[in-house]
Every structure is written in structure tokens, then in C-alpha cells.
Amino acid sequence: ANKNGNGDEASGDGYRFHGRGYIQLTGRSNYQAFDATVSDDLMQHPELVATTYALASSAFYFQRNALWNLCDKGISDEVIREVTQRVNGPACLGLSDRIQWFRRIGSCLHIC
């Protein structure tokens, strides 16, 4: 309630605009901004972020928040930490697990 453009608890926005998509697009303001880029009415059908626009909503968030430039700094624990903070907030929840998975997948792709 009262975060990310959501109304108060009685508005139901917190549930209606909960995290969906590959990076969990969250909050009325993020949904509204993304809604302006697609043909479907996401404000009336927010579930489409999970079913139709899971990848597109993530790419939108990265573009809107200038995360691509951050990713272009290279492959390092510091870059992973910075991206994590920008997506999930300062607590960096799941950072050590994310770094481990990134190294594991990156080694399979020969990018790390």
C-alpha cells in the first residue's frame, strides 16, 4: 500500500499490481509505464505481464532504469550486486545465490 504508485490498502493495488514477469514488475506506476508500450490493456488485465509479457516487461524495466549501461560494464560480482540493488532494492536479497548461478551459467556459455 502507498508504494510504487499504489493506492492505500483498500484500493487493492498491492495485490492487483504484485510482482509478475521474469524480474517481477511491481506497483501501479511500473505497470502504467509498461502499459503505454504494449497494445493490451495491462491496467485492466495485469495478469498479462506474467503470461504474455514476462520477458518484454523485464526488458522494459532494464531500459527504463538504464540497467543495460550498467550491464555493459562487464561480468563481475560488483556489476551483479549493482544490478541486484537497482532491481530489488538496497537489501540485495538473494545476491550470493544470484552470483553463484551467474558464474555457473556463464561458465557454460564461456562468458565468465
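**Pockets: the terms**

On a 1 Å grid over the protein atoms alone, a pocket is an open set of points where a 1.4 Å probe fits, with protein on both sides within 12 Å along at least five of seven lines. Lining residues have an atom within 4 Å of a point. A volume is the space filled by probe spheres set on the points, which are joined across faces, edges and corners.

**The model**

This is a predicted model, where local features need pLDDT of at least 70 and side-chain atom pairs count only at pLDDT 80 or more, while totals for chains, interfaces and linings use all residues. Residues are numbered from 1 along each chain as its sequence is written, and side-chain values use heavy atoms, without hydrogens and water.

The pLDDT is the predictor's confidence in each residue, from 0 to 100. Its mean here is 92, and 96% of the residues reach 70 or more. Confidence is highest in helix α3 (residues 48-51), at 98, and lowest in α7, at a mean of 85. Where pLDDT is low, the predicted coordinates should not be read in detail.

**Overall build**

The protein has 7 helices and 0 strands. Helices (H or I, at least four residues) and strands (E, at least two) are DSSP runs, numbered from the N terminus. The C-alpha atoms fill a box of roughly 45 × 30 × 20 Å, taken along the principal axes.

**The largest pocket**

This pocket has a volume of about 490 Å³. It is lined by 19 residues, and F62, C71, V83, R98 and F102 are the closest to its centre. Two or more lining residues come from each of α4 (54-64), α5 (67-71), α6 (77-88) and α7 (95-109). The largest share, 6 residues, belongs to α6.

By class, the lining has 13 nonpolar, 5 polar and 1 charged residues. Nonpolar means Ala, Val, Leu, Ile, Met, Phe, Trp, Tyr, Cys and Pro; charged means Asp, Glu, Lys and Arg; the others, Gly among them, are polar.

**The second largest pocket**

About 270 Å³ of space lies here. Its lining includes N4, Y22, N30, Y61 and L93. The classes are 6 nonpolar, 5 polar and no charged residues.

**Where α2 meets α4**

Helix α2 (residues 28-35) packs against α4 at an angle of about 100 degrees, with the axes 11 Å apart. So α2 is roughly perpendicular to α4 (angles of 65 to 115 degrees count as such). Axes are lines fitted to C-alpha atoms over the stretch in contact, and angles run from 0 to 180 degrees between N-to-C directions.

In this contact (heavy atoms within 4.5 Å), α2 gives S29, N30, A33 and F34, and α4 gives A56, S57, F60, Y61 and R64.

Note on methods:
Angles under 35 degrees count as roughly parallel, over 145 as roughly antiparallel, 65 to 115 as roughly perpendicular and the rest as oblique.
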